[in-house]
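Here's a quick look at a few local spots in a protein model. Have the viewer open while you read.

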Amino acid sequence: MRNLFLAVALIVSASIYAGGYRVGLQGQRSLAMGHTGVAVVNNAELAFFNPAGLIYLENKLNISGGVSAVFSDVVWQNEQLGQYAETDSPVGTPFYLYASYKVNDWLALGLNISTPYGSRVEWEKDWAGSHLVNDIELAAIYIQPLVSIKISDKFSIGGGPIYVSGSVNLNRNLNRTLTDIDGNRSNVTIDATNVTAWGWSIGAMFTPVEDLRIGFNYRSEIIMDAEGGDADFSNIPNSPATPFVDTTFDASLPLPAELSLGASYQVNDKWLVAFQFDRAYWNVYESLDVDFASPTNPDSVNPRNYKNSSIYRVGVEYKALDKLALRAGYYFDESPVQDGFFAPETPRNDSNNFTAGLSFDINEHLAIDASFLYVRFKEVDASYDFYQENGQNVPFNGTYKSSAFVPGLGITYKL
């Protein structure tokens with residue numbers, strides 16, 4: 001039963017297009033510019049990237065919403081054993097909705113509703129790594145009320161509390177060989193819903209000269225505690241050696257603190273450039289411990305040993321016409337997974353990310369925003385060395401090739 005819940009570590013998350021289990025699709029305009037948003041003032045996407053900038057939006061009311069379609073593919077191969085598997089994952093659809101309202105010249109209120117964690121991954125049933133995972137479906141929603149305050153014409157602050165609600169559904173085989181009398185693989189499905197927690201974020205924006213903005217945002221660590229989740233066992237042999245029973249479980253997962261620093265510069269009336277550095281403090285994620293309510297199901301301790309990781313971003317915007325803005329960007333995303341801890345629940349390595357997009361103004365109040373992201377993960381020969389059977393570590397290794405492409409569409413409304 002050890003490592004039964006490796007993927008519970010994804011209670012509200014999965015790494016389809018970011019290091020660790022972080023999803024980076026929080027706004028079409030920002031994403032098109034390499035997901036640089038901490039120092040760019042253009043619409044209500046600031047509610048996520050840096051609420052301190054909301055006070056600088058020109059209009060009294062600003063609303064931004066959108067959705068992305070995630071098409072991902074992961075191939076695993078062990079040439080020595082002649083084994084091959086490929087994910088067949090449904091399309092993921094992370095979304096966001098942001099709003100800001102300028103109360104007066106120095107105060108703005110905002111709202112952030114987004115899904116920075118969540119995805120779906122399906123491996124072939126009973127594949128070589130089925131003792132680690134067959135399929136997993138994850139979801140999380142951030143809800144954050146915000147305040148943005150102008151301290152002076154050149155400096156502002158903003159932030160607010162974060163409420164998170166998440167869920168997970170995971171299926172995996174109990175081990176590499178166990179079956180019932182009919183030859184059906186023994187497996188377990190775990191389900192946890194209404195997993196909630198609180199956090200906070202704070203940001204600042206500084207404009208030392210007219211065309212230069214410098215932004216800072218810090219998002220706190222959030223601890224997700226799943227209590228009373230369901231664990232259902234199927235195809236279990238009727239034997240004293242396999243006393244698995246349906247039960248409940250408790251587990252905790254830290255979502256790491258994140259720090260973003262960036263700058264944007266308005267070169268002229270047509271060109272804007274932006275740079276951003278993100279640091280995720282993944283070292284808080286040392287192990288996942290799972291406590292089972294039934295005494296016949298041993299508790300599980302799953303070492304993860306993540307390391308802190310960084311993302312380096314650059315983006316540009318070109319105002320081609322009065323109603324049309326074109327954008328492009330690039331970022332390099334480091335994986336927090338260390339050697340020996342590479343599991344197929346999060347089969348991601350360092351990645352190169354290429355972005356592009358545009359905005360078209362339908363009228364003075366409404367605009368259409370579009371983006372496209374292509375993710376190319378570094379091919380990696382990796383293993384997970386901490387799965388145990390009969391008291392022995394049984395490494396699972398192979399070569400992983402991963403990629404994803406993500407079109408997105410949104411709207412911006414201002415009044």
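## Ground rules

This is a predicted model, so local features need pLDDT of at least 70 and side-chain atom pairs count only at pLDDT 80 or more, while totals for chains, interfaces and linings use all residues. Residues are numbered from 1 along each chain as its sequence is written, and side-chain values use heavy atoms, with hydrogens and water left out.

## Glutamate 45

Glutamate 45 is buried but has no salt bridge, and arginine 29, the nearest side chain of opposite charge, is 5.3 Å away. Buried means under 20% relative accessible area, exposed over 50%, partly exposed in between (1.4 Å probe, protein chains only). A salt bridge needs a Lys or Arg side-chain nitrogen within 4 Å of an Asp or Glu carboxyl oxygen.

## Tryptophan 106

Tryptophan 106 is in the loop between β4 (95-102) and β5 (107-114). With a relative accessible area of 46%, tryptophan 106 is partly exposed. Its C-alpha atom is 16 Å from that of glycine 203, 97 residues away along the chain.

## Isoleucine 143

Strand β7 (residues 135-152) holds isoleucine 143. That residue counts as partly exposed because its relative accessibility is 36%.

How values were computed. Helices (H or I, at least four residues) and strands (E, at least two) are DSSP runs, numbered from the N terminus. Lys and Arg count as positive and Asp and Glu as negative; His and the chain ends are not counted.
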